[in-house]
Amino acid sequence: MKSSEEWRPAVAKMDSLYNSFRANPNTADKQLALNMLAELREEHPESDVIKAYSWLYKGFIHKTTREWQAVNENMNKAYELGMALNIREIPIRAAPALLNSAYNLSLENYPAHIVDEVNELASQAPEDPFLIHLALLSRGFYHFHQEDYPAALIPFIQAADFFEQNGNEQLFLSTNNSIALAMHRVGRSEEAINRYSRNLSRYYANNNLVGVSQTLNNLSITLNLMGERQRAVDSLKVALQINEELGLEFNAIQAQYNLGSYLRELAELEESEMYFRESLARSEALNLSMGIVFNSLGLAKNLLMREQGNLDLTEIRRLLQLTKDTAVNLPEQDLYIDFALAMTTLESAAGNYQEALRWHKIYQQQYSRIKSTERQLAIEELMFANRLARSEDEIRHLSDVISLKEQAQRNLYAGLAVLILLLIGTGAAGIHFRRLSYKISSMYNVLKTQSNKITGQNKELKRLNEERARLTKVIIHDLRNPIGSIDATLEMLEDYPDKELDQFKMFMHLSVRKMQLIVDGLLQVYQTESLGIQDKLKMQPVSQLLQMEVQEFAVTALHKQQTLVHQIDEIQAVTHNQTLHIIVSNLLSNAIKFTPAGKTITLLAENKPGGWMLIVRDEGPGFRESDKAKMFTLFGRLSGKPTGSEQSTGIGLYAVKTAADKLGAVLSVNWDYKEGVEFSCWFPELHIKPEPKASLEAAEIEAAEISEDARLG
């Protein structure tokens, strides 16, 4: 590697070149910028550092024009070479664009591993706040692409605040756009609008037309979700005009597709069709797979809305076949529901009623899946908001306590100073004594006032926590009632057989079962989180409890033609029966659910110095690297699929982690285990404190009302 004096001037030229292009991007200037990058690299043919930076800036240039395939190729090269050269700035700067390009290209091997890698790099000495917050962007984009928008907001907002405070206008504005996109997806549309408006005023002031067009496009998405489609269309038409003037083909494709979608909702079918056709033609010219998929499907949906006699079934079938051939893993994508509905309408219009029924069944399955996911996200967002509010209350309380301690310390020092002065000035002892008495009295009054204030805040904090606990419980129980009503209605319908309705009844039964599993799982989590167990810990024959669990689940394993083996030491330990049951039952249930027939599941329980260890192994498909970040999260979508007809809610492992935390246990996954999955849970030795039994808190009383027989499927 050459010294910094030799390669840094070249990198500075690259940076200046990129900034000039970004300020006024067009096709001619883009090619000029790329040529100049190539020349700089040729001037230093032996420098791997300049090679890495040239790939980085080449990726940035293609990112400006949204050419994601070129972005991905160049950022991958820059990332790998930057890591090899141990120049942490390069992979950290490349990571956000690399994640976004992989998402936009719908790559199967999404590079989730780089999130942890760049955040680890940023944390190394010497500390660089800019790189730390740039690495946070990668984490934000990862959560955003996983549709975990509440989690994405946290690193996005932290990064944006830093960039704004440190004068990095471009990064602040682009991050602010990402924040607004996440906000409207969690229902905070007005806040999103305010952020877009702020960005637009700055982009216009800086004459940054690319920023204006991208912000207008994002703004239109939020306006459409708010039902203000005409405003959304007006915003997009301005964005489209800017994109066409600058020659930004990808941005133009995106704007035209959105215009087609919004105009269809406004029943402006001819204009809508025009935009879909133009966007599809542009996408095919650029071989842009995502543009082809969305526009061919969008255009087909438009044509299906014509009157029956005007349907061109041949063209519609060609467009839908183009969608199917171009899309990667179409059944796994959210647009599959629109595709299935379009195919249902097409086959029905063509008189292929058997095929129309098959596609209608697929549509019903997709509809049920999406609605279930929406319910899960709504519940998760509620719980996230409650925890965030509780954390804020606790932080305020802690801040008040710290302030009180600091004030008391200052008062003590002041009292000592007065006492010293008193001892020194013996000639004025009486005067000093009276002043000292007055000062001590004042200090006491201040401390008393602050103490009363904190006592009041403690009561208010306790009241708010109790209210949130009751709110969560009420919402969960309110979900139970309509589910029970639907289930009862379905049972009544069984007395009225109808072959045409049998399939729909089956879908409804599956949906109700899934909803019941979700609610029961949330009840179990709520019980575990809110019930205090400190005064309920008892010395238990753990080995007997585990034997009972094994006997119960052996029947389920046998039904799936699996073998459940166990090796359990004689263990006596202080524990809580129901909390331990949650851990063991969910680990065994998951192992059975994801293990194929003919395989073995193993449970081991061993005495260890200072406690005991529980291990559950299976011979299923194991986990992928991308599962690490979601392993113990609520509704985490892991890669494994049930091997039978079981339902998976994404609650089980979260409940296990919550229960393990209650018992002070350490839950972990053995990522080196290659024959399947191995979970281990280390239970430290607990002791029963000889304290008087305290009365149950309000949250404990509520949690105790929940049946202890609630179980995850």
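How many of the 17 residues of helix α13 are buried? Of these residues, 13 are buried, so α13 is largely enclosed by the rest of the structure. Buried here means under 20% relative accessible area, exposed means over 50%, and partly exposed lies in between, with a 1.4 Å probe and protein chains only. The legends below describe a predicted model in which local features need pLDDT of at least 70 and side-chain atom pairs count only at pLDDT 80 or more, while totals for chains, interfaces and linings use all residues. Residues are numbered from 1 along each chain as its sequence is written, and side-chain values use heavy atoms, with hydrogens and water left out.

**View 1. The chain as a whole.** The secondary structure comprises 24 helices and seven strands. Helices (H or I, at least four residues) and strands (E, at least two) are DSSP runs numbered from the N terminus. The chain has 713 residues, and buried residues make up 46% of them. Among contacts with a separation of 6 or more, 67% join residues 24 or more positions apart; contact means heavy atoms within 4.5 Å.

**View 2. Helix α13 and the residue A267.** Helix α13 covers residues 249-265, and its end C-alpha atoms are 25 Å apart, which agrees with the 24 Å that its 17 residues should span at 1.5 Å a residue. The expected span is 1.5 Å times one less than the number of residues. Just after α13, A267 adopts a positive phi of about 65 degrees.

**View 3. The largest nonpolar core.** A nonpolar core is a set of buried Ala, Val, Leu, Ile, Met, Phe, Trp, Tyr and Cys residues joined through side-chain atoms within 4.5 Å. The largest one has 95 residues, of which Y53, Y57, M75, I92, L137 and F163 touch the most other members. Helix α3 (residues 48-64) supplies the largest share of this core, nine residues. Apart from this core lies another, of 40 residues, among them L545, W612, V669 and F683. In soluble globular proteins, nonpolar side chains tend to be buried together. Y53 touches W7, V11, M14, I87, E89 and I90, not counting residues up to four places away in sequence.

**View 4. The largest cavity.** The structure holds five cavities of 30 Å³ or more, and the largest contains about 110 Å³ of space. On a 1 Å grid over the protein atoms alone, a cavity is a set of points where a 1.4 Å probe fits but cannot get out, and lining residues have an atom within 4 Å of a point. Points are joined across faces, edges and corners, and the volume is the space filled by probe spheres set on them. The lining of the largest cavity consists of A112, H113, V115, D116, R139, Y142, H143, E625, S626, K628 and A629. The elements that give two or more residues to this lining are α6 (113-123) and α7 (129-145).

View 5. N119 belongs to helix α6 and, at 18% relative accessibility, counts as buried. Leaving aside neighbours within four places in sequence, N119 is in contact with A135, L136 and R139. In the loop between α6 and α7 lies P126; the peptide bond from A125 to P126 is cis, with omega near -5 degrees.

View 6. E147, in the loop between α7 and α8 (149-165), has a positive phi near 65 degrees. Its relative accessible area of 26% makes E147 partly exposed. N207 lies in the loop between α10 (189-205) and α11 (209-225), and its phi is also positive, about 55 degrees, although N207 is not a glycine. N207 is exposed, with a relative accessible area of 54%.

Definitions and conventions: 1 Å grid on protein atoms, 1.4 Å probe; cavity = no way out; pocket = protein on both sides within 12 Å on 5 of 7 lines; lining within 4 Å.
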